[in-house]
Structures are given as C-alpha cells and as structure tokens.
Amino acid sequence: MPAVSKGDGMRGLAVFISDIRNCKSKEAEIKRINKELANIRSKFKGDKALDGYSKKKYVCKLLFIFLLGHDIDFGHMEAVNLLSSNKYTEKQIGYLFISVLVNSNSELIRLINNAIKNDLSSRNPTFMCLSLHCIANVGSREMAEAFAGEIPRILVAGDTMDSVKQSAALCLLRLYKASPDLVLMGEWTSRVVHLLNDQHMGVVTAAISLITCLSSKNPDEFKTCVSLAVSRLSRIVSSASTDLQDYTYYFVPAPWLSCKLLRLLQCYPPPEDGAVKGRLVECLETILNKAQEPPKSKKVQHSNAKNAILFEAISLIIHYDSEPNLLVRACNQLGQFLQHRETNLRYLALESMCTLASSEFSHEAVKTHIETVINALKTERDVSVRQRAADLLYAMCDRSNAKQIVAEMLSYLETADYSIREEMVLKVAILAEKYAVDYSWYVDTILNLIRIAGDYVSEEVWYRVIQIVINRDDVQGYAAKTVFEALQAPACHENMVKVGGYILGEFGNLIAGDPRSSPLVQFNLLHSKFHLCSVPTRALLLSAYIKFINLFPETKATIQEVLRSDSQIRNSDVELQQRAVEYLKLSSIASTDVLATVLEEMPPFPERESSILAKLKKKKGPGAVSVELEDGKERGELNGGGDRGGDAAIAASNASTPSPSADLLGLRSSAPVSGAAPSAGSLLVDVFSEAGPAASSAGVNDDGFLSSAPPSAASEDPAPPLPESDELLNKFVCKNNGVLFENQLLQIGIKSEYRQNLGRMYLFYGNKTSVQFVSFSTTVSCPGELQSQLNVQTKTVEPLVEGGAQVQQVINIECLTDFIDAPLLNIKFRYGGALQNISLKLPVTINKFFQPTEMAAADFFQRWKQLSQPQQEAQKIFKASHGMDTEVLKAKLLGLGTALLENVDPNPENYVCAGVIQTKAQQVGCLLRLEPNAQAQPGEQMYRLTLRSSKDTVSQRVCDLLAEQF
C-alpha cells in the first residue's frame, strides 16, 4: 500500500471523532451528529465545487457516522466521484464507502461498474487491487455479470503482478459462490489449474482456494489438478524450514497451503498413475513421521500448525481407505492424542477415529483403544468430548465387545448430560438389538434403559422391544417375568408401564402359574399404576385389561367392576370413556369363542428396517456413522416391524376409535381412519397430511408446504431479530390471537390453534401504505437445536402486496420434543425501491402444547410429592407488575393451557393448575402453584410461582414464561 503523506491526515475528521467520544450522553452524541450531517449536506449542495481532499474528508465522516449505527441517505454520488481520482487515498475511501453503504441494486451501480472497469484496465496494480476488493465485497449478481469474464483473463495473464493475481483469484471465488451460473471457466480451466505451479506461494495459496471450490462442483473438469497438487505438496513436505523462509510459520513450512492441498485431494479418488500415487503415499508417510519427531518449539503456534497438517493428512488417508499401513499408522497416531492434555486434540482424535472405525483395515486397531475411550466417556469435563467418545464407542462396537460397551453406555447414562441422553438411548437400543445373541440380555438392556432414562426413551424404542418379543417365542416368557418384576418398583416410569401393559396383556399367561404372579396379582399391579399415567397409557392399560379377561376368565368380575366405575364410563376424556364402554359390553355379551377370536394374540410383525435406526439417522444427519442391522438369518430372526404403535397392537382395532395422541392428523398413518372426518370449522384440518419422514427435510410437500430450513439456508442475508422480539413473544404466551408486529409500513396479525403436539397458525400481512410491496417473501427458520425439536412447514405467500391489501400465510407446527428457543420469521420486501428486512420471533412456546388435566386434591398433592427432586422444580419470587385482579389471573392461567383446579390448595387465595405437555417424543406432566400476597400494599405485592414437572428444562422454561405475565 502506498505510504500516506503527512498532508493526508484529515484534521477535521479527527476533531469530529474526538467530539463524539467526549459526548456525555446519547442525546449529546445525536445532536453533534445531526449538526455534522447538516454541515456536510450544505457543503455537498453548495455552489462551490469541492476538491478531492474535502470530498474524501466528508465521505469519511459519513462512513464513521454509519458505523456508529445511524442511517446515511446521501453522499453516495460524492463517493462514486472519488473513484475517478488519481490519488490512492481518495480512491481508497471511495471504494470503502461503496463496499459498506451502496446496495447491490442501487441506481449508481452502473456508474460504479464503469469506474471499476477503468481501474481494471489501467494496469496500475494498486488501483486494480482496490477495484477487485470492491467487487468481492459487494459480490452482487450485477457485478458478476459485468466482470465474470474479465477477471479470469487478469488472473492468468503473464504480465499481471502477483498481488493482483491473488486478489483476482479470491475475487473470482467470491463471485462463484454468489453466482456460480455466471462464472464459467471454459477456456481458462487449464491455465487456472497451472497456477498451482506458480513461483509465488501467495498466488498458489489464493488459487488453490478457488480450484478447490470449482473442483467440488466440477471434478472432471479440474482433475488435472491432482498431479500438480501432489507435486507441490511433495516439494513443501520434503523442504526444510529454511527453504521457504517467507512462508514458514513457527518452523512449519507453508502450513496453510499444505492443508489446502490435502483438502483439494479429498475431492478426488486415489490417483490412478502409479508414480503420482507413490509420491503421495510418500508425502503422507513423511507427515506421519514428522508427527513423531520432538517439537522444534514449545510455542502453541508450532504445535497447532503441525497438527493441522497431520489431521488433514489423516482425513485424506481415511478418504482414500485403500492403504492399510497408513490407516493403522493414522489410528495409532490418533490413539496417542486420546490422552493429550489439549482438549481440542482429544476431540479431533475421537472424531477422526469414529470414521476410521468404519474401515475394514483399521477397525481392529481402533478397538485396541477401547479402555481409553471408556475412560474419556467417564472423566472428560467437556460435554462435546464426551459425546464424541460415545460416538466412537458406538462405531467400534461389534460382537466381541458389545456387552462391555452397552454396559458402559448404560452406566454413563445415569449421569449423562441432558443434551445427549436421547441420542445415547437410541444408540444403546440399536447396539443391543444388533448384537443380541441372547435375547434375554436384549430385554434386560432395554428395560434397564427405560429405568435409567425413561424420559428420553422415545416411542420407537419401546415399540421395537415389543416387536422383537412378539416375533421371538423363546423370549416371551422371560420378558413377561422380567417386566412383572420391574413394575413392582415403587417409582416406575410411564414407558415401563406401557411395555408392561402390552407384554402382560399378550403373554401374562406364561407366568400365571406362579402364585407370586397370578392373574389377579398381575392385574392389581398394573391397575396400581393406572391413576398416575397419561391418557394414552391409560387407554393402553384398558386394552390390556380386556386381554386379561380373555386370558384369565377368573379376573372377569374384577375387571368389569373397574370398567363399570364412574371414573371410566363417565370419564371426561372421550377416548377412555369409549374404550371402557365398548370393552365392558364386549366382555358381557360375547361368548368365550368370539372373545378369543376378537382378542387373539398379535401376529408377528413384518420385517422392516428398525425405526430406531431411522430415527438416529434423522437426528444425526446425513454425515452420521450408522450401524445397519445384519442381513440374512439374523435379520430374519429380529423380524422387527416398522412403526406400529403399542396401543393399536393390543386392542381390537374395530372396538375403539384411535387414541387422540396417536397420530391425530395422519402424521404416521398411511390411510385415514374411516368415520373420523375432521370438522369443517377446525383450524387443524389436514395439518401435515401425507407428510412422513420426508417432510422434515427442506422442500415443498404434496400440500404445498415448505419445510423450515436451518438459519444459514433460510435466506441469504436475514436481519437479526428486532430488539423487541422477546417482548412481542411474551405478549402471546397466554393468548393465541392478536397483532404480532406493527410499524408505519406493515402490520402482522396472528391467529392460531393447537391440539396435542400439533398447531396451525395463520399470519396476516397488511400493507398500511398506498404503495405496493414487491418481492414480498417470508421465511421461517429453526435456529440450532430447534431444528430437531420443532417441525415447521409454511405455505408461500404472494410476492406482490397491493397498497391497503392483506395476504395470508399458513404455518403448520409439530412439536417433536420440548424446546426453549422460538422459530425466527424473516420478512423481506421492497418498498419504493428500498429493501425492508424484518426478523421476529414467532410466538410458538412450549406451553402452547399443554393439555389441561383435571385432578382431585389428593391426586394433585400425591403427584406433587412424587416430583420432589430438586431438578424437577423451578421457582421464582417476583414483584407484581400489575394489580392482583382475580379474574385477570385466572384468565392468564387458563390461557397458559393448563386446567385451573378449584378447591385444591388449602389457602383459597392460591392458584393451582395441572396439565400435560404433548410432544411427539414424550408427554411431560406439569403442576403449577401460584401464591400471591394480595394483602400487601400496592407496589409491594409479590408472587411466588412454583413449577414441578418430570423434566427439568420444561419446569424452568414454563416458569420463566409465566413469570413475565404477572
């Protein structure tokens, strides 16, 4: 960069910045800025022509004001005029202003493009670099159209200076990423590839970034780069640190270029040319050898650079998967890192070994490190490292070590972080199924899994154990005995009750000969859990009871008495009521033969891929390490069915309607249930219909709904959420309808309805102006973990919104598991040529999926005492923000979604609520107690809010949401 002379120091700018820094308040700063803006505006509009220095100074001030967060709506033309200056400092400021402030669709873009063309053709390397930097920074499609043909010519020209070549390569890379259809290399391909042989290492480093990107999209077109990359890598690896002095970083020659070369080679299979392949293998061996050498420096930069090359080399070895010697050496090298004091190295070693474990050449070598990995799972402080250790145990598991690994994973589950428990449960279930030679071990493992981590055992897991027990006669008696013993525990998870109800209902006769497990004892044991269970589990237990009448006629009178009780045939839940009435009638009028036919034992399930494996693949994504079930005889023995629910498998399907929580809207069924047509007035008609597993991937389903995308893919440049987004979200915690957002241009109204774990939301976008909105588009994205917690699908909106008009958008929501964050709604449109970009949080909170639960006082406090563990309770004591109006308080608590229980709390001024949060994965019971001190003076009134639930994250989230409402 040319030196800036002393005369170029802008004193006026320095004084202005000093004034801003000396401002004592925000108001003083705004006043000073407004004064300066008025002065600059008058100078630009004055009759006297400004010289280059003055323009530069004022444009700099505008730039500084913009960086402080203030809008700038003038000065663009003056910045464009600076581009025609022959002074470096003036031209530099002009390009800087344009890169930061000029919109890619600005009317000035043609003038800017002309100035850039002049600089590119000037052959002045400094001016050429400035113009290339501007193109890369703006990166618009218009610039790609204008310069995509010119930049490759500059890049490969023999008389182009090295610094310009570097800028040209990176500029072309930026344009290719923005508009790949416009950057066509064509005749320049071979000449761009040969930049790998350039004498200047900076040019090679810049060029290889471009070539790697191009090769990933068009590998055949650039395959000649392999031999050149190997040649360049060989020269670097075999060179001494003194040979590449300018590019040696802490005794490591050209580490960035080495990593880029190794990454480029991962775009291609192993070289076919024997000489090239031999040279590459030699390079990789040299890198592995250097890793064993004592460090030349104790500085962390030296080890970082050295290890970066090593890990990239190991990635290439894994990618080729064809050199047994290199694979085993790589495994041994990674094994040394497993006990390294640096956490990042341990993490990377575990991650790389997960991939090595899938190679037939290195699987045995990986298994030798099993004790070290188990120790990492138990002792690592960092949860991400523990998760990688669990992944590696899963990947290295085979018949020889399955029992050891499963036992260790079960042991770890008792203290595992909540964030990885669900994934651990799936992995244990898959490994236990795949390597189960003794199916009694499999049953023990799954029941132990439910005991340890019942909240994280999804439907797929307990469905699967039932499928396997039904398909294997030799394990049915053992399963019935084991689950009977498990149900005798005083604290028994609901998933255990489901498995127990199903298995005893089908195979309880196999253990009925023992007086300790006689039919009546089995029934009393199951029924003792009945009042603690959710509605779907109660429905399953009723189905088990009618099965008992068929298996054990001596229990008929006792069971009929239960079915005849008011709590069953007059139950407020229509599903339970209908089952009780139909089962009672069936047991009363049907003959023994008819009853045996209707309630016969379930037939074996058809062979199908394990639904647990499919769930893990979906959770981990396409890059996951998967364990497939073995083919042939063993797979036939497992004979597992797909996704048939446990409830449907017990009950006679023609004797009851489907459970309200089981596939409410056709999410998992292939055909609609006859006679269950939805009412025309419901907002939830046909939500997600025909949307199976494919609906979770981004795309448009058969109903025209667009699945939510991750934030990075949702839109090219979404605005950050508005500062008031959380406040707007809190307004809708206890209500479903209202105005979500409003400014001088746009109003967004909302209307929504939720049922079970599903919801449908209508958004109404109103144009408050007389000018039409063009290019109107909306995107809903689920940031971070929310992608696996919510399934959100949207219908597209019309791109044109007339002045004074309103358009409607439908959003379907499925709650997969409990969540904390809210989906992001991004709205983009053009108003008067200016782009409007608004991001809000969509008011979807966990309480929207509450199902009210009525309880008597005794049941409430019994359940309250059961949820007494510290992590199950969340409590807040806070000052009342509003008056303590009884009716307002009741309305808010009902709006939360829970049932308000009257005459339960001994103190009549307290409020007590109960509800069950319905998610696809599980149901979470919640109890709430709100204690106001209404006798206190206004302004000193306080609340104590206590939440208890079976899941700590739910307790805390609901407590936080509700505390904001009072």
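Modeller: Two residues are in contact here if they have heavy atoms within 4.5 Å, and a helix is a DSSP run of H or I of at least four residues, numbered from the N terminus. This is a predicted model, in which local features need pLDDT of at least 70 and side-chain atom pairs pLDDT 80 or more, while totals for chains, interfaces and linings use all residues. Numbering starts from 1 along each chain as its sequence is written, and side-chain values use heavy atoms, leaving out hydrogens and water.

Start with the helix pair α1 and α3. On the α1 side, R11, G12, L13, F16, I17 and I20 meet Y53, K57, C60, K61, F64 and I65 of α3. By class, eight residues in this contact are nonpolar, one is polar and three are charged. (Nonpolar covers Ala, Val, Leu, Ile, Met, Phe, Trp, Tyr, Cys and Pro; charged covers Asp, Glu, Lys and Arg; the others, Gly among them, are polar.) Helix α1 spans residues 11-22 and helix α3 residues 52-67, and they pack at about 20° with their axes 9 Å apart. (Axes are fitted to C-alpha atoms over the stretch in contact, and angles between N-to-C directions run from 0 to 180 degrees.) That angle makes α1 roughly parallel to α3. (Under 35 degrees is roughly parallel, over 145 roughly antiparallel, 65 to 115 roughly perpendicular, and the rest oblique.)

Next come helix α5 (residues 88-101) and helix α7 (residues 125-138), whose axes come within 9 Å and cross at roughly 10°. Therefore α5 and α7 are roughly parallel to each other. From α5, the residues Y88, K91, Q92, Y95, I98 and S99 take part, and from α7 the residues T126, F127, L130, S131, C134, N137 and V138. The contact of α5 with α7 holds seven nonpolar, five polar and one charged residue.

Now turn to α15 and α16, where the axes come within 10 Å and cross at roughly 135°. That makes α15 oblique to α16. L280, L284, I287, L288, K290 and A291 of α15 touch K306, I309, L310, A313, I314, L316, I317 and Y320 of α16. Twelve of the residues in the contact of α15 with α16 are nonpolar and two are charged, with no polar ones.

Searching the whole structure gives four cavities of 30 Å³ or more. (On a 1 Å grid, a cavity is a set of points where a 1.4 Å probe fits but cannot get out, and lining residues have an atom within 4 Å of a point; the volume is the space filled by probe spheres set on the points.) The largest cavity holds about 80 Å³ of space, and its lining consists of P270, P271, K277, L280, V281, L284, I317, Y320, S322, E323 and L326. Sorted by class, the lining of the largest cavity has eight nonpolar, one polar and two charged residues.

The second largest cavity has a volume of about 40 Å³. E422, D455, Y456, V457, S458, T817, A921, Q922 and K951 line the second largest cavity, and they divide into three nonpolar, three polar and three charged.

Notes. Helix = DSSP H or I, 4+ residues; strand = E, 2+ residues; numbered from the N terminus. 1 Å grid on protein atoms, 1.4 Å probe; cavity = no way out; pocket = protein on both sides within 12 Å on 5 of 7 lines; lining within 4 Å.
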